[in-house]
Amino acid sequence: MAGAAGRGGCHTIRGAQIKELLQSKRNVLFDCDGVIWNGETAVTGAPEVVRLLKQQGKRVFFVTNNCTRPRENYVQKFSRLGFTDVAEEDIFSSAYCSAAYLRDVARVQGKVFVIGCYGVQKELLNAGVTMVEEDDDGPDVSIYDCPLDPDVKAVLVGYDEKFNFLKLAKACCYLRNSECLFLATDPDPWHPLRGGRVTPGSGSLTAALETASNRKATVIGKPGRFMFECIAGQFNLDPEQSLMVGDRLETDVLFGTNCGLSTMLTLTGVSTLKEAEEYKGSDSPEKKDSVPDYVVESITDFLEALEE
Amino acid sequence: MAVSKCARLSGASIGDLLDSVDSVLFDCDGVIWRGDQAIPGAPEVINSLKKGGKRVFFVTNNSTKTRKMYADKLGKLGFNAREDEVFGTAYCSAVYLKTVCKLDGKVYLIGSNAMRQELETMGIQAVGVGPDHISGVQNDWANVPLDPEVKAVLVGFDEHFSYAKLNRALQYLCNPECQFVGTNTDTRLPLEGDKAVPGTGCLLKAVETAAQRQAQVVGKPSSFMFKCVASQFVLDPNKCLMVGDRLDTDIMLGSSCGLKTLLTLTGVSTIADVEAHQRSGCPIRQEMVPDYYVDSIAEILPALQG
C-alpha cells in the first residue's frame, strides 16, 4: 500500500505500512514543533524513534521554521528532552539557513539590517555576516528622522519580540534602494504555544514591512525550497529517498511537495485530518500540493514499525 | 454612464462645476496642506467657497488628531472651519464602533491619544494606548492578562507599535466574537518636506496576518466616511464634489458614492497614474479616474472671486 500510494493520497498508515515506507527511504526530515515535541515536552517515544532510525542506517534531519534559537541551543534542547544523539549538523533552522543564504548565495559584501531575535542574530554572527549595530540610537532619533548606515546591503526580518515602529521605519528606508536585498526567515503568520495558544510569527512582521516598502520578501523557510537545498548541498540527498514529516499542511507538506519528497502529516500539532481532506477536494493547486501522501496519529506510531 | 474623462478644469468649466454643487468635501494632506504648511491659495479657496454659500467638509484618513485638533490646525493656517465640518478617522472610527458595531464594552486600542479621546467622547473606554513593554519569555506571550470587558480591537496609526501590542491584539482577536476595526489602509503617513513614515496600513496588515482575520476598515475608500458626513448634514450626492490627491482613496470614495470628483496634483497621484487606470479594462480601476483635475486647488480661485 505505502509503495503504491499516489502523490497527495492522504492515506492514514500504521504498523507494517510505516515499516514498508521507511524501508524505502534513506532520509527522514522532521519538523520540530508539533512533531517531535510540543513546547518543552517530547512527543511520546520521539527520542526512541530518532535513535532507532539512526541505528537502522537512516539519515535524520530536523527542518524547522522556528528561528528563536541558534543551533547550539537547539542541541541543548534536544538533549534536555531525551534525544541522545542529535548533532548541530542535523539541525536546519530558518535562522541558520538565512545566514547561509546571505553568506553563500547572496554573498553580501556589507552589512545586514536585522529585525530578529537572539536566535537570528547569533546565527548571523556564527556565519560571519555583519549586522548593523543596534541600540546606537541617541535621544534625538525618532521615527521621523533616523540616521541610516550607508553600508547596508540587505534587510532580514524574522520573529522579533522587540519589534517596534522605529525598526519598521528604518527597514523601510533601507528598502527604498532597490539594490538592497529583502529577506524573511519564514512566512509563519503565528506560532503555536502550549495549550493551543498562539503568538504572532515572523510572517506578520514581514507583512508589515512588505506593505511599507511595496516590495516582496524572499522567504527562506518552508514551504520555500531553500532549506532543502541547504541540506542537500551538505549531504547529497536524493529527494526520492527522502520523507518529510510535519504537522502544518501549508508549511511542511507543501515544502515536501515542492522539493519532490514523500510527505507525511502527523496529527500531534497544528493541522487536522479534516483540513487535509478538505484541501484534497480543493481547486487550488497550492492546497492540492499541501495534501500529504501519508498521515499518522503521532510519530509514536513509528515505534511499532521500527522495534520488530 | 459615461466613463470619467479626467478633463482639465479651467476657464468657464470651473464656474459650471461649482454651480452644479452645493457641498465640497476636501481631503487634507496633499490637497489643502502639506505637513504644517497650507498649499498656497488653499485658505482663500475654502473661505471663498463658504462666502459664496457652499458647504465645506474636511475628510481625512489621518487618525492622529481629534476634530478639535484639526479645527485648531485649520484655524492656524488661515482656514475658516468649524469642528463639526471635520471628519477624521479618529472621530469616524468612534462613530463606527458606536453605531455600526453597536459596541457595548471596551476597546483594545493600537492608536493615538487623539483616538482614545474621540472614543471617550462617544462613551467608549479604550485600553492599551502608549508604550507596551515586553516582559517574560515566549510562553508568557499567550498568557498576557486580558481585560474581559474588551469587545473590540481598533487599529490606527501608532508610533508605539510593538510586538507586545501586536501580541495583545492577537490574543483578543482569537475570540471570534471580538470585533476588529481599522482606521485606514494607507501604507504611508505623509509628513512635511516630502518625508513619509510607514502608515497604518502596515500595522493593520501585521495584525490581520497574525490573527488571520480581516478588519472592517472605516477610512477612504470605504463609503462610511461619506455616510458619516451625510448622517449629520443633508447631502445630495449629485450636488457634492470630492476633491482629493489620491486616486485609490479620495477619488474611489467619490465615485462609489456618486459624487463628482476632482483630482489635484499637489499630492500623491499623477496624470500618468490616471492614464494607466483609464487604459486598463478593469471596472474597479475605472472608478479611480476622476471627472476633472487641476494642478492645484488654487486654480479655482479666479472663478470664485470673479
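In this predicted model, A:Asp33 is in contact with A:Thr64, A:Asn66 and A:Asp247, leaving aside its neighbours within four places in sequence. A:Asp33 is found in the loop between β2 and β3 of chain A. Its relative accessibility is 23%, so A:Asp33 counts as partly exposed.

**The annotated aspartates of chain A**

An unreviewed UniProt entry places the feature "active site" at A:Asp31 and A:Asp33. A:Asp31 lies in the loop that connects β2 (27–30) with β3 (37–38) of chain A. Because its relative accessibility is 6%, A:Asp31 counts as buried; the cut-off for that class is under 20%.

Beyond four places in sequence, the contacts of A:Asp31 include A:Ile36, A:Val63 and A:Thr64. Further along the chain, A:Asp31 also touches A:Met244, A:Val245, A:Gly246, A:Asp247 and A:Asp252. A:Lys222 is another of its contacts, and here the side chains of A:Asp31 and A:Lys222 are joined by a polar contact of 3.0 Å.

**A helix residue of chain B**

In chain B, B:Arg116 sits in helix α5 (residues 113–121). Its relative accessible area is 23%, which means that B:Arg116 is partly exposed. Neighbours within four places aside, B:Arg116 is in contact with B:Leu109, B:Ala126 and B:Val129. B:Thr66 is 50 residues from B:Arg116 in sequence, and the two C-alpha atoms are 9.3 Å apart in space.

The accessibility values given above are set out here.

| Residue | Relative accessibility | Class |
|---|---|---|
| A:Asp31 | 6% | buried |
| A:Asp33 | 23% | partly exposed |
| B:Arg116 | 23% | partly exposed |

**Strand β2 of chain B**

Strand β2 of chain B spans residues 23–26 and is covered on both faces. In a regular strand, side chains alternate between the two faces of the sheet. On one side of β2(B) are B:Ser23 and B:Leu25, on the other B:Val24 and B:Phe26, and all of them are buried.

β2(B) pairs with two strands. It runs parallel to β5 (residues 55–60) of chain B, and four bridges join them. Within this pairing, B:Phe26 stands opposite B:Phe58. Four bridges likewise join β2(B) to β14 (residues 240–244) of chain B, again in parallel. There, B:Leu25 stands opposite B:Met242 of β14(B).

Conventions:
Residues are numbered from 1 along each chain as its sequence is written. Chains are lettered from A and ligands numbered from 1 in the order in which they are written. This is a predicted model: local features need pLDDT of at least 70, side-chain atom pairs count only at pLDDT 80 or more; totals for chains, interfaces and linings use all residues. Side-chain values use heavy atoms; hydrogens and water are left out. Buried means under 20% relative accessible area, exposed over 50%, partly exposed in between (1.4 Å probe, protein chains only). Two strands pair if DSSP finds at least two bridges between them. Contact means heavy atoms within 4.5 Å. UniProt positions are given in the numbering used here, feature names are shortened, and annotations may be inferred rather than shown by experiment. A polar contact is a pair of N or O atoms within 3.5 Å; within protein, one must be able to donate a hydrogen and the other to accept it, and residues adjacent in sequence count only if both atoms are side-chain atoms.
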